[in-house]
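Subject: Handover of a structure for your study

Dear colleague,

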Amino acid sequence: MLSIRVNGEERQVPTPERNLLSYLRFDLGLTGTKYGCGEGLCGACTILLDGQPLRACMTTAGSAAGGSLTTIEGLASDATLHPVQQAFVDESAMQCGYCIPGFIMTAVGLLSREAQPNTSQIREALAENMCRCGTYQRIQQAVERAAGVQRNDAHERHDSHN
Amino acid sequence: MSDTTATTEDGLRIVGEVAQGFPPPPKSYARAAYSNAKPDTQSATWLIVRPDGRVSAYAGKVEYGQGIRSGLAMEVADELRVRLDAVDVLLGDTDHTPWDMGTFGSQSTARVGLQLRRAAATAREALVELAADKLDLPTGELECRNGRVISRADPARSVAYGDLVAGKAITRDVQEDVALTPRDEFTVMGRPAPRVDAVDRVTGKAQYSQDIMLPGMLFAQPLRPPARKARLVDADTKVAEQLPGVVQIVREGDRIAVLAETDEQAEFAAKAVQAQWREEDGQPTNWDVPDLLRRTAGEPVITQESGDTAEGFRQADAVLESLYYLPYISNAPMEPRAAVAQWEDGRLTVWAGTQRPFGLRAELAGHFEIEESSVRVIAPEIGGGFGSKSIYPVALEAARLAKAAGRPVRVAYTRAEEMVFATFRPAALIEVKSGFLDDGTLVAWEFTAYHAGERPFIGQRGSQTPYHLANVKVSVSSSESPLREGSYRSLGGAVNHFARESHMDEIAAAVGIDPVELRLRNLTEPRFRRVLEAAADRFGWSGAKPPSQRGVGVAIGLDVGSYVAACVEVQVHGSEVTVERVATALDCGLVVNPEGAKNQMEGSIVMGMGTALYEAIDFQSGRLLNAGFTRYRVPRSNNAPKIDVELVGDPDTPSTGAGEPGIVPVAPAIANAVFDLTGDRVRELPIQRHLRG
């Protein structure tokens, strides 16, 4: 039987054609990964496969077999939040919070590719995900904080058109 | 203590008659909408101080993004002098929280917060009395600090709250006239604080309706009609019944649902049901709506009238008439509705992310003809709703199917189902005719609005002009709605504001006066002037006659008693409009949770930006043509503006809402900025469809 590593634990994949998001949520009970659109457009189901972001809703459990998956549940180590998680808390970067696990996984993936992203790289990477509560400014600030980026002041463009 | 009675649980319990403590608002859209709902008059627990020193607060409200759990925890912590993390807030569970009409109308902080403060202050006084006995000191020499009652004269003499209530079960009634902590003694309220539920949200522990799973639970996939007003003629379920995992196919009249062991098995089998539908011919398309609104308009309701507009137009140096149109839009919360239902010994439990757990309990009890006490509705975390989750059809579907199956059943909308079967912010057509003097002084104002749908409170909200003039007539009609209309952030408030505030800019352009100056000339209300001046100042607004080709726009608004103004700056490339930055000021009176209020304002601006630039529901022959994010565009992070929020409310003014007002000036400010940049006045939303590229 195929198997897959999920948050460091070896899990069996009895039905390879099973949708990966359904497998994680309903078979493994890892409901932190969310369903938002089922079309790979909203990013709520973003997980990491071998460290890189993947839309769980768009693939099967079998196609991820042999790989190592990280879901939002596997990000913190013991009682310590991952720096990206901590930054979201510190920036109050959330409202309803439904999209937040997906955003965090996208951000973790970005920071693993690009340790010092600039603001525009962050905005483009995060554009893969949707937050209908509209907390984008806070999410961007959280990722900047996690990346150690110097914060853009809210007034920086203040005088540009006077 | 003569007012104590024994209960089974140790601790100090503060109870109150719900109807007395939390009457429904005497005059609001909510009362009109849910006028059949009667408040329970039973005694309910609002607060418990437990032997371990922790405090539990109870409210029938739900958390759907507005941060109410944090706001209420802050109010209790401050009033009871305990750390914020010592307070647990339990929300939206009909077995355990006080009756509540529903979470809408930005009433949460204003009403329930005040009640919880009273309960906490009552508890504080009771704890002082208990400590007076224990320490043998007069109550006047004691004060509460950090979870302890302490002697003022000798701080070494103190006792922890938990020790005062350990081994006792004390109940006190909420004192309606209890002395609340004065504002200058707040140590928690009014200060930025991280959300009490933040860690659960970043670790995936927060549980939403979509996440509820019970042992033995079946996944349901109801058969959905292909179009609105389609009737099931015939259905053959033989193939579907044989498919793997299918446990049962439930047919009740027109309704068919597949119940299976997994979600995918249910979806697959539902596709295998051979169904024939009869669709109603001649259903309108989105293109028909403007005409339909005028043609089917009901009796107009006058929402504001003074003086004589005909006389006003005679006095005017100029008269301007414009027509505005706003299409149907979708709330499109990130979490599609889902519900799980379970029957145990005739008692029904439903997990449903509804804004109205108590209203849903009544509906379910009515449907199954059982007592309300035999139904428990639990509202878990709610993944957004923006007004629409007052209506929650999957809950009844799950309850019906669970009853038929004798097992727990989950019904969850797909994204497309969520968009098709949810409600929409209704379309509206608005005629504005204004008369004004050459210096921009308004002398006559006629505002005639046609809002789709049978809920007149939606279209009436925010229809009145806040500008000071003698001759005003504002009327709102309800028209036929080809789609199911419902609540949205600020209801029709943002819709009416779009027409009014766009028109004010047209006047500014007509007389050649800076739009901020034009508004100030016509505003007398100090709270309005203050938010406008604050937003303009924050933005760095410098006066100019529009169109100034700088791409700046302004609008003001009033919603749920809160005053708001926004200034925006845009860039336009072809038909793509980019909102670069927004400065906004809000006066919602006393701010309990400034981080929460600012977060809500930021969200309102992004949402308003979507309505201004991208969003419109297209439909034809009863089918939604853009029921998904491929064709229904909403703002993403690379579209999001830099937002600067200033809270300017007077802390001595009672709190009003912060969740909705932020949206009302956004669309007109953006349209005004587009005009300022391009000279192109867009009177129909979304702007990007109607901009001459």
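Which residues have the most contacts inside the largest nonpolar core? In this predicted model, they are Leu47(B), Ala339(B), Ala398(B) and Ile670(B), and the core that holds them has 255 residues. Helix 4 of chain B, which spans residues 108-135, supplies the largest share of this core, namely 10 residues. As general background, nonpolar side chains in soluble globular proteins tend to be buried together.

When its neighbours within four places in sequence are left aside, Ala398(B) is in contact with Ala220(B), Ala339(B), Val340(B), Ala341(B), Val350(B), Val409(B), Arg410(B) and Val411(B). One of these partners, Ala339(B), is also among the residues with the most contacts inside the core.

I turn next to chain B as a whole. Chain B contains 20 helices and 30 strands. Its radius of gyration is 27 Å, close to the 26 Å that the globule rule gives for 693 residues, so chain B is as compact as a globular protein of that length. Along the principal axes, the C-alpha atoms of chain B fill a box of roughly 80 × 75 × 45 Å. Of its 693 residues, 57% count as buried. If one takes the contacts in chain B between residues at least 6 apart in sequence, 79% of them join residues at least 24 apart.

Chain A is divided into two parts: domain 1 covers residues 2-74 and domain 2 covers residues 83-147. The C-alpha centres of these domains lie 20 Å apart. Between them, 15 residues of domain 1 are in contact with 13 residues of domain 2. On the domain 1 side, strand 3 (46-49) and strand 4 (52-55) of chain A are the elements that give two or more residues, and strand 3 provides the largest share, with 3 residues. By class, this side of domain 1 has 7 nonpolar, 7 polar and 1 charged residues.

Finally, how many residues of chain A are in contact with chain B? There are 54, and they meet 56 residues of chain B. Helices 1, 2, 3, 4 and 5 of chain A each supply at least two residues of the side that touches chain B. Helix 5 of chain A gives the most, with 5 residues. The side of chain A that touches chain B has 25 nonpolar, 18 polar and 11 charged residues.

Yours sincerely,
A colleague

Note on methods: Residues are numbered from 1 along each chain as its sequence is written. Chains are lettered from A and ligands numbered from 1 in the order in which they are written. This is a predicted model: local features need pLDDT of at least 70, side-chain atom pairs count only at pLDDT 80 or more; totals for chains, interfaces and linings use all residues. Domain bounds come from an automatic or database domain assignment. Two residues are in contact if their C-beta atoms, placed from the backbone, lie within 7 Å. Helices (H or I, at least four residues) and strands (E, at least two) are DSSP runs, numbered from the N terminus. Ala, Val, Leu, Ile, Met, Phe, Trp, Tyr, Cys and Pro count as nonpolar, Asp, Glu, Lys and Arg as charged, and the others, Gly among them, as polar. A nonpolar core is a set of buried Ala, Val, Leu, Ile, Met, Phe, Trp, Tyr and Cys residues joined through C-beta atoms within 7 Å. A residue is buried if 20 or more other C-beta atoms lie within 10 Å of its own, exposed if 12 or fewer, and partly exposed in between; C-beta atoms are placed from the backbone. The radius of gyration is taken over C-alpha atoms; the globule rule is 2.2 Å times the number of residues to the power 0.38.
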